Amino acid sequence: MKSEITLAQQTDTALCAGWQFPSTRRGARRARQTAARQLICWGWTPSDELFQDAELIVAELASNAIMHGHVRGDDFELGMRLGPCPGLATLLRIEVSDWRGEQVPSLPEGPALDAESGRGLLLVDALADRWGAVTRPPSRKTLWCELDLTGSQQK
């Protein structure tokens with residue numbers, strides 16, 4: 001198992017952080033915990049609505065990465081960006097990348113009432129202001145979402 005790798009930087013346009021996690025249930029849990037710590041570093045508290053929404057989105061996207069994007073021996077990546085300008089941020093962007101670029105998800109019609117899964121992207125769609133998926137060479141994909149920061153949410 002690889003250890004998580006932290007890549008944090010401040011650019012002229014955004015505050016960015018990125019990590020790698022093993023494609024396991026433990027890795028998904030660590031991704032959610034790491035995202036929560038990063039949000040606290042950026043000034044949110046666990047009682048903030050944005051904090052709760054972002055934490056749930058990370059949990060769902062990480063879960064999808066290990067369920068549908070897992071390739072044996074490869075990690076998934078989590079990236080977060082607060083931008084466009086430090087102190088004047090207007091959005092929080094969350095990205096989760098995996099190694100199954102041929103499996104780009106789409107919003108389901110809705111799972112059966114007794115289904116135990118199939119609601120993750122519906123939750124992301126309900127919580128995020130925008131979301132989508134892009135493929136990346138050679139065979140990767142990134143699911144991304146953006147949360148607009150308004151009023152009391154802006155830090």
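The conversation below goes from the overall fold to single residues.

Student: What kind of model is this?
Tutor: This is a predicted model.

Student: How many helices and strands does the protein have?
Tutor: There are three helices and six strands in the protein. Their order along the sequence is β-β-α-α-β-β-α-β-β.

Student: And how much of the protein is buried?
Tutor: Of the 155 residues, 41% are buried. The protein exposes about 8500 Å², and carbon and sulfur atoms supply 51% of that area.

Student: What about contacts between residues that lie apart in sequence?
Tutor: Take the contacts between residues at least 6 apart in sequence: 61% of them join residues at least 24 apart.

Student: Which residues have the most contacts inside the largest nonpolar core?
Tutor: They are Leu78, Leu92 and Ile94, in a core of 34 residues. The elements giving two or more residues to this core are β2, α1, α2, β3, β4, α3 and β6. The largest share comes from α2, with nine residues.

Student: What does Leu78 touch?
Tutor: Leaving aside neighbours within four places in sequence, Leu78 is in contact with several residues, among them Trp19, Phe21, Ala31, Val58 and Ile94.

Student: Let us turn to α1. Why does its end-to-end distance agree with its number of residues?
Tutor: Helix α1 covers residues 25-41, which is 17 residues. At 1.5 Å a residue the helix should span 24 Å, and its end C-alpha atoms are 25 Å apart, so the two values agree.

Student: Which residues of α1 are buried?
Tutor: The buried residues of α1 are Gly27, Ala28, Arg30, Ala31, Thr34, Ala35, Ala36, Gln38 and Leu39. As a general point, an α-helix has 3.6 residues a turn, so residues three or four places apart point the same way.

Student: What covers those buried residues of α1?
Tutor: The cover includes β2, α2, β3 and β4.

Student: What happens just after α1?
Tutor: Gly43 takes a positive phi of about 110° there. In general, most residues other than glycine have a negative phi.

Student: Moving to α2, is Leu56 buried or partly exposed?
Tutor: Leu56, which is found in helix α2, has a relative accessibility of 34% and therefore counts as partly exposed.

Student: Now the strands. Why is β2 described as largely enclosed?
Tutor: Seven of the eight residues of β2 are buried, so the rest of the structure largely encloses this strand. β2 also pairs with β3 in the antiparallel sense, over eight bridges. One of the partners is Arg81 in β3, which is bridged to Cys16.

Student: And how do β5 and β6 run?
Tutor: They run antiparallel, joined by seven bridges. Ala133, for example, has Leu143 in β6 as its bridge partner. A hairpin of three residues links β5 to β6.

Student: Where is Pro138?
Tutor: Pro138 is in the loop between β5 and β6. The peptide bond from Pro137 to Pro138 is cis, with omega near -5°. In general, most peptide bonds are trans.

Student: Why does Thr142 count as buried?
Tutor: Thr142 has 4% relative accessibility, so it counts as buried; the cut-off is under 20%. This residue is found in strand β6.

Student: Which side chains make polar contacts with the side chain of Thr142?
Tutor: One is the side chain of Ser97, at 2.6 Å. Another is the side chain of Arg136, at 2.9 Å.

Student: Finally, where does Thr90 lie?
Tutor: Thr90 lies in the loop between β3 and β4. At 40% relative accessibility, Thr90 counts as partly exposed.

Student: What does Thr90 touch?
Tutor: Not counting residues up to four places away in sequence, Thr90 touches Gly83, Pro84, Leu147, Asp148 and Leu149. Thr90 and Leu147 are 57 residues apart in sequence, while their C-alpha atoms are 8.6 Å apart in space.

Conventions: Residues are numbered from 1 along each chain as its sequence is written. This is a predicted model: local features need pLDDT of at least 70, side-chain atom pairs count only at pLDDT 80 or more; totals for chains, interfaces and linings use all residues. Side-chain values use heavy atoms; hydrogens and water are left out. Helices (H or I, at least four residues) and strands (E, at least two) are DSSP runs, numbered from the N terminus. The expected span of a helix is 1.5 Å times one less than its number of residues. Buried means under 20% relative accessible area, exposed over 50%, partly exposed in between (1.4 Å probe, protein chains only). Contact means heavy atoms within 4.5 Å. A polar contact is a pair of N or O atoms within 3.5 Å; within protein, one must be able to donate a hydrogen and the other to accept it, and residues adjacent in sequence count only if both atoms are side-chain atoms. Two strands pair if DSSP finds at least two bridges between them. Accessible areas come from the Shrake-Rupley method with a 1.4 Å probe; for residues, only the protein chains shown count as cover. A nonpolar core is a set of buried Ala, Val, Leu, Ile, Met, Phe, Trp, Tyr and Cys residues joined through side-chain atoms within 4.5 Å.
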